[in-house]
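Dear colleague,

I am handing over the structure that we spoke about, and the sequence and coordinates are shown just below. Please look through it before reading my notes.

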Amino acid sequence: MDTGSHLLFGATLAGLAMLHPVAAAEPEVAQAILVAALAGSHAPDLDTIARWKGYAAYIRVHRGVTHSLPALLAWPLLLSLPIAWLFGVMEHWLLLYGWCFAAVGFHVFLDWFNAYGVQCFRPFSKRWHHLDVLALFEPFLFALHAAGLVAWVATDSNPGEMFLTIYAMTFLYIGIRTLQHSQLIGRVRQELSPDGVCHVVPSMHWFRWQFVLETKHCFYTGIIQGRRIVVMDVYRKDEDNAIVTATLGTDGVRAFLHFAQRVYVKWTEKQDGYIVEWRDVRFWYNHKLPFGVDVQLDRDLNVVHQRVGWRKKAWDPPFV
């Protein structure tokens with residue numbers, strides 16, 4: 001999910017920690033837990049530093065090792081010990097470790113429910129896992145937790161009990177969206193192709209989703225709005241040829257194929273050579289495929305230039 005939401009959930013986890021009698025009774029411990037939960041809620045996304053090496057390096061690394069099973073244990077250890085020392089509560093560092101672990105785990109859990117994907121089962125599997133249930137930003141969850149945080153600061157309400165209720169509502173909401181998502185996949189397959197590979201991706205609107213269905217010969221993209229399923233575009237698959245094959249050795253295409261799942265490729269002839277466009281159809285929006293790699297070749301099929309990443313403005317959908 002987005003950074004703001006992760007940090008908000010870190011703060012509300014610290015409120016939930018007030019259920020523990022030590023955290024409720026000792027202000028230094030409560031403050032240390034808050035810092036540990038905030039740090040843990042953001043720590044897995046420190047892999048964004050890889051963008052300094054280029055977008056190809058970024059898509060190889062982002063939501064990979066830092067979101068893996070070993071990282072679930074390593075991040076809390078790296079964070080809780082120095083925080084416990086700084087706040088002078090070393091005797092309670094295991095308590096800090098536990099809530100930092102909860103923050104890191106909840107971060108990875110939420111990313112798993114997004115559409116982008118996460119390698120959360122490394123080192124046992126390097127596959128990208130995504131449940132496509134939650135949008136990058138969920139207005140309901142953000143408003144729910146923000147309201148709880150305001151109530152904690154502004155009133156004398158019991159934060160532990162309040163946030164226990166809020167987290168129960170959070171998991172209930174995720175469960176309802178998961179059920180809704182499963183039903184929508186069945187509807188798309190029933191209407192278009194029972195044998196196709198289908199992704200249904202949420203928007204920030206509760207009753208509007210978009211889908212991608214891959215069959216043997218093409219990709220279908222469309223929207224689900226209420227009871228309506230509308231096909232927007234059909235992308236025919238082309239046979240591989242020497243022009244497409246010539247781009248497979250480029251760093252950008254290798255990085256893209258490491259991550260992409262619904263891969264569509266096309267080529268066009270130019271006056272001085274060819275342009276080969278690799279796209280992940282999962283991230284279509286408004287009749288466009290904005291995420292992928294463009295490789296420019298000369299007439300002898302030598303790589304002249306490549307560009308990896310998004311062909312959209314940062315504030316335009318899709319938000320992944």
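Predicted model: local features only at pLDDT ≥ 70, side-chain atom pairs only at ≥ 80, totals over all residues.

Residues are numbered from 1 along each chain as its sequence is written, and side-chain values use heavy atoms, with hydrogens and water left out.

Salt bridges

The structure holds ten salt bridges, a salt bridge being a side-chain nitrogen of Lys or Arg within 4 Å of a carboxyl oxygen of Asp or Glu. One of them pairs arginine 60 with aspartate 251, whose closest N and O atoms are 2.8 Å apart. This pair links distant parts of the chain, since arginine 60 belongs to helix H4 (residues 55–61) and aspartate 251 to helix H10 (residues 251–259), 191 residues apart; helices (H or I, at least four residues) and strands (E, at least two) are DSSP runs, numbered from the N terminus. Arginine 60 counts as partly exposed because its relative accessibility is 29%, and aspartate 251 is likewise partly exposed, with a relative accessible area of 33%; here buried means under 20% relative accessible area, exposed over 50%, and partly exposed in between (1.4 Å probe, protein chains only).

A salt bridge also joins the side chains of aspartate 111 and arginine 63, at 3.4 Å from N to O. Aspartate 111 lies in helix H6 (residues 93–112) and arginine 63 in the loop between H4 and helix H5 (69–86), so the pair ties together parts that are 48 residues apart in sequence. Both aspartate 111 and arginine 63 are buried.

Aspartate 294 and arginine 311 form a further salt bridge, with 3.2 Å between the closest N and O atoms. Because aspartate 294 sits in strand S7 (residues 291–298) and arginine 311 in the segment after strand S8 (303–310), the pair ties together parts that are 17 residues apart in sequence. Salt bridges that share partners join Glu277, Arg279, Asp294 and Arg311 into one network.

Nonpolar cores

The largest nonpolar core has 44 residues, of which Phe9, Leu13, Ile33, Leu96, Trp99, Leu110 and Leu134 touch the most other members; such a core is a set of buried Ala, Val, Leu, Ile, Met, Phe, Trp, Tyr and Cys residues joined through side-chain atoms within 4.5 Å. H6 gives the most to this core, with nine residues. A second, separate core of 24 residues includes Tyr55, Ile59, Trp128 and Ile243.

The H1 and H7 pair

Helices H1 and H7 pack at an angle of about 45°, with their axes 10 Å apart, where axes are lines fitted to C-alpha atoms, for helices over the stretch in contact, and angles run from 0 to 180 degrees between N-to-C directions. Among the residues that meet are Leu8 and Phe9 in H1 and Leu141 and Phe142 in H7, contact meaning heavy atoms within 4.5 Å.

A loop residue

Proline 123 has its place in the loop between H6 and H7, and it counts as exposed because its relative accessibility is 60%. The C-alpha atoms of proline 123 and alanine 32 are separated by 31 Å, the two residues being 91 residues apart along the chain.

With best regards
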